[in-house]
Amino acid sequence: MSVFTTTAYTTDKATPGQRRLMLAAVDADGRLPDGANQRVLNSLPESWARTDVAAGGRYLTTEGRAALAPLGRFFLLARANPVNGCLPGTTGHSDMLALVRDGLAVLRDSDGRPVSVADRWEHGNSLRITERGRRLVGMPLTAPEFAERHPVGSRAMWKQQEGEPARPVQILGWPLADGTVYVLPQSTGLSYAASRDRPVPAEQIRPAPTVTSRPDDRRNTMTDRKPEPTLDDDLEALRGLAAAVVKPVTPSAETWEQVKALEERATAGYELAERFTEFDERATADRRAPKEWGISRELSEEQIAAELEKRPELQALGGFLATLATMGMAPWQMANLVRRVKAHQEAGADES
């Protein structure tokens with residue numbers, strides 16, 4: 001089994017001395033340094049660093065690497081863009097501090113210059129994987145041959161088993177040391193779980209078919225394009241993400257199963273934060289917010305008549321009722337506005 005596999009989990013925490021020693025081993029292709037403090041070396045359990053008599057040294061194991069990057073941190077590093085090093089989604093504050101502290105990631109501004117944690121809000125920042133972080137998760141330091149056939153961001157086909165149809169995917173990274181590469185399914189009509197990015201064996205990736213154009217081909221028109229999901233659809237998707245984050249852990253499960261479930265919830269939490277940010281920006285820019293919010297409505301004549309019957313004070317607005325509804329005001333808000341204006345007018349008349 002590869003030492004870069006993610007099927008093993010540990011809930012044990014490494015001491016600062018053990019962490020420094022194992023991080024030094026990451027820089028040395030997994031081999032613990034010979035000149036390290038003997039007391040710290042002896043304190044490392046064999047499950048974290050196995051003894052290789054033939055090679056004459058001790059090497060980090062899967063559990064040892066898991067102790068350096070527990071829960072979602074390993075997956076954040078493994079899903080980093082190998083071209084520019086950017087980590088995906090929104091990283092939690094504690095995870096960001098831990099990754100920067102251990103030298104597994106670094107904060108950089110828009111010009112690529114390193115930024116300290118204290119100055120990250122003044123200069124802008126993005127969290128990017130370092131060479132040490134790449135070594136920890138088994139990410140190549142330079143572009144492999146796979147990247148020439150399947151560049152990051154390109155389309156390809158994922159054939160999981162013989163006899164099954166290949167599925168279109170988008171390539172998100174380079175093959176890791178365990179032989180997997182992260183992809184994003186591109187098929188339409190997928191469930192939320194089936195549409196998430198995932199690691200798949202790199203050997204199962206095939207080139208995308210080449211579509212040759214013909215002079216008599218009918219060109220795509222505006223009506224041929226897939227409509228953009230509405231804000232109501234996005235809101236429903238966010239609810240599904242939130243449900244995945246708060247899904248309870250099975251009490252009777254094994255420890256590693258519970259830790260894995262927590263890890264999945266952490267990853268879902270990062271995606272929820274990222275997609276909510278996109279949703280918030282889109283809802284702010286689009287005056288037609290989700291219908292469930294009860295704003296930005298185009299009222300029909302029947303709806304206007306019903307509102308006037310329910311709230312006679314809206315008669316004072318006249319044709320502005322429909323305009324205010326389109327701008328995002330609910331009928332009860334309009335009624336409150338009319339009452340305040342009338343109260344102000346009456347107060348002014350009494351003073352005169």
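The legends below describe close-up views of one predicted model. Residues are numbered from 1 along each chain as its sequence is written, and side-chain values use heavy atoms, with hydrogens and water left out. Because the model is predicted, local features need pLDDT of at least 70 and side-chain atom pairs count only at pLDDT 80 or more, whereas totals for chains, interfaces and linings use all residues.

**View 1. The largest nonpolar core contains 38 residues.** A nonpolar core is a set of buried Ala, Val, Leu, Ile, Met, Phe, Trp, Tyr and Cys residues joined through side-chain atoms within 4.5 Å; buried means under 20% relative accessible area, exposed over 50% and partly exposed in between (1.4 Å probe, protein chains only). Met22, Leu32, Leu77 and Leu87 touch the most other members. The elements that each supply at least two residues of this core include helix H1 (16-27), helix H5 (93-101) and strand S3 (105-108). Helices (H or I, at least four residues) and strands (E, at least two) are DSSP runs, numbered from the N terminus. Not counting residues up to four places away in sequence, Leu32 touches Leu21, Met22, Ala25, Leu41, Leu44, Ala49, Arg58 and Leu60, where contact means heavy atoms within 4.5 Å.

**View 2. Five strands form an open, antiparallel sheet.** The strand order is S8-S7-S6-S5-S9. Strand S8 (198-201) and strand S9 (205-207) are the edge strands, each pairing on one side only; two strands pair if DSSP finds at least two bridges between them. Strand S5 (residues 155-158) is joined to strand S6 (residues 167-171) by four bridges. Met157 has Pro168 as its bridge partner in S6.

**View 3. Helix H9 (residues 231-245) has 15 residues.** Leu231, Asp234, Leu235, Leu238 and Leu241 are the buried residues of H9. They fall within an arc of 115° seen down the axis, so they line one face of the helix. The arc is that of the directions from the helix axis to the C-beta atoms.

**View 4. Helix H5 has four named buried residues, Asp95, Met96, Ala98 and Leu99.** These residues cover an arc of only 165° around the axis, which puts them on the same side of H5. Gly103, whose phi is positive, near 75°, follows H5.

**View 5. Pro312 lies in the loop between helix H11 (301-310) and helix H12 (320-327).** With 52% relative accessibility, Pro312 counts as exposed. Pro312 and Ala335 are 23 residues apart in sequence and 8.8 Å apart in space, C-alpha to C-alpha.

Methods: Expected span 1.5 Å × (residues − 1).
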